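I opened the notebook to record what I looked up about a few positions and the core around them. The entries follow in the order in which I took them.

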Amino acid sequence: QVQLVESGGGLAQAGEPLRLSCAASGTNIRAMAWYRQAPGKQREFVARISITGVTSVANDLRGRFAIARANAGNTVHLQMKNLKPEDTAVYYCNTSPPNTDNWGRGTRVTVSS
């Protein structure tokens with residue numbers, strides 16, 4: 001089973017950047033994605049990177065969020081810029097499509113105005 005450890009969350013001011021990291025182990029390189037769950041809302045897709053490095057970002061986050069691999073593909077970053085209070089959420093990484101039985105603990109991002 002893939003082990004997923006998210007990190008990099010914290011408190012940010014609106015307009016600041018933040019970079020999240022996801023360390024994946026126990027797997028060969030797979031398509032990976034970031035998801036997030038805001039308070040009181042369902043988990044939603046944020047960004048995806050394919051095995052070959054093709055990326056896609058949720059429509060309403062394009063231009064502010066970007067996803068990339070590092071460390072021979074075992075680490076997936078989510079670079080966020082110009083953060084907004086509505087980006088406040090717990091951010092999770094998972095395979096794409098997600099293994100719904102294997103969510104990590106996530107990393108919490110709180111954006112203050």
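I began with Phe65, which touches Arg36, Val46, Val57, Leu78, Gln79, Met80, Leu83, Asp87 and Tyr91, leaving aside residues up to four places away in sequence; contact here means heavy atoms within 4.5 Å. I noted that this is a predicted model, in which local features need pLDDT of at least 70 and side-chain atom pairs count only at pLDDT 80 or more, while totals for chains, interfaces and linings use all residues. Residues are numbered from 1 along each chain as its sequence is written, and side-chain values use heavy atoms, with hydrogens and water left out.

I then looked up the largest nonpolar core, where Phe65 is among the residues, out of 27, that touch the most other members, together with Leu20, Trp34, Val46, Leu78, Met80 and Tyr91. Such a core is a set of buried Ala, Val, Leu, Ile, Met, Phe, Trp, Tyr and Cys residues joined through side-chain atoms within 4.5 Å, and buried means under 20% relative accessible area (1.4 Å probe, protein chains only). Strand 3 (18–25) gives this core its largest share, four residues; strands are DSSP runs of E, at least two residues, numbered from the N terminus.

Next I turned to Leu83, which I found in the loop between strand 8 (75–80) and strand 9 (89–95). Leu83 counts as buried because its relative accessible area is 1%. Beyond four places in sequence, Leu83 touches residues including Ala12, Pro17, Arg64, Phe65 and Val111.

Definitions and conventions. Buried means under 20% relative accessible area, exposed over 50%, partly exposed in between (1.4 Å probe, protein chains only).
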